[in-house]
Amino acid sequence: YYKYVLRLPEDLLARDSADLDDEPSATRFGTAAHAAIARWRGLGTSDDLREVLSEELRAQDIEPDPESDTVRRLLGSILAFFKSDLWRDISASSPAWEKPIVLRHGDANFRGKVDLHAVAGDVLTVVDFKSAEVDAASARRRARQYALQLGVYARALQAVYRTRRVRTAVYFLHPSTSVEFDAQSVKVVSSLDAFLAAQAAPVSLAEPKHSCPGCAFRRICRC
């Protein structure tokens with residue numbers, strides 16, 4: 001986003017990115033969970049998954065404790081997805097994992113990586129995993145916060161597969177629940193169009209906001 005949308009100088013990003021490496025532990029656990037899901041893919045036993053997750057945790061500089069509540073919950077959450085109706089619906093459709101995408105709009109390129117997608121007939125399904133903890137009552141509201149992200153993914157993939165219908169879902173690992181919404185609704189499409197147009201327009205630097213002093217990205221932001 002900072003490189004391709006805000007067009008920050010690449011050397012500035014390279015120099016200052018080291019300051020951002022001290023991610024919160026929760027973020028690193030989430031990164032490990034995403035990687036483990038994409039590697040395991042529901043193939044093998046729960047012991048195989050445990051080994052894959054342990055390797056991905058170590059890759060995030062986290063020494064896994066198989067008896068810890070966090071690791072147990074991650075294992076349970078991943079296993080729950082592969083038993084879900086959502087996975088059963090798409091598992092026979094040669095699902096693709098960690099697909100890099102580029103959506104071009106004007107002079108701007110929007111790049112991302114789609115956690116999981118599949119095409120069955122004329123239907124494209126896009127799934128994004130979220131490791132943030134939510135409760136069942138707030139899951140739908142939280143999922144709406146990712147509508148634009150999945151809208152970008154869906155539009156880029158539709159340009160490839162030329163499907164007429166799109167099914168988008170946010171899967172929360174905690175509490176192991178999926179929330180679907182219509183990425184082709186008038187509200188989502190119009191919001192996405194406005195977002196793309198705004199990001200492709202020349203950057204107009206705003207005055208610093210009151211929250212800027214506490215922002216982890218303040219050293220690479222030109223605002």
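Predicted model: local features only at pLDDT ≥ 70, side-chain atom pairs only at ≥ 80, totals over all residues.
Which residues in helix 2 meet which residues in helix 3?

Five of them make up an open sheet with mixed pairing, and their order is 1-2-3-4-5. Strand 1 (96-105) and strand 5 (177-181) are the edge strands; each has a single partner strand, so one side of each is left without a neighbour in the sheet. From one strand to the next, the twist averages 40 degrees.

## Strand 3 and its two partners

On one side, strand 3 (residues 123-133) pairs with strand 2 (residues 108-120) in the antiparallel sense, over five bridges. At this pairing, Val 123 in strand 3 stands opposite Ala 120. Two residues lie between the strands in the hairpin of strand 2 and strand 3, and Gly 121 there takes a positive phi near 65 degrees.

Strand 4 is also a partner of strand 3: the two run parallel and are joined by nine bridges. How many of the 11 residues of strand 3 are buried? Eight are, which leaves strand 3 mostly covered.

Helix 4 (residues 69-81) lies across strand 1, strand 2, strand 3 and strand 4.

## Where helix 2 meets helix 3

Now back to the opening question. Two packed helices are described by the angle between their axes and the distance between the axes. For helix 2 and helix 3 (residues 46-59), the packing angle is about 135 degrees and the axes are 8 Å apart. That angle makes helix 2 oblique to helix 3, and the crossing of the two is right-handed.

On the helix 2 side, the residues that take part are Phe 29, Ala 32, Ala 33, Ala 35, Ala 36, Arg 39 and Trp 40. They meet Asp 48, Leu 49, Val 52, Leu 53, Glu 55, Glu 56 and Leu 57 in helix 3. Sorted by class, this contact of helix 2 with helix 3 has 10 nonpolar residues, four charged ones and no polar ones.

Notes. Residues numbered from 1 in each chain as written. Heavy atoms only, no water. Pairing = 2+ DSSP bridges. Helix = DSSP H or I, 4+ residues; strand = E, 2+ residues; numbered from the N terminus. Axes fitted to C-alpha atoms, helices over the stretch in contact; angles between N-to-C directions. Contact = heavy atoms within 4.5 Å. Buried < 20%, exposed > 50% of the residue type's maximum accessible area, 1.4 Å probe, protein only. Parallel < 35°, antiparallel > 145°, perpendicular 65-115°, else oblique. Left-handed = near helix turned anticlockwise from the far one by under 90°. Nonpolar A, V, L, I, M, F, W, Y, C, P; charged D, E, K, R; others polar.
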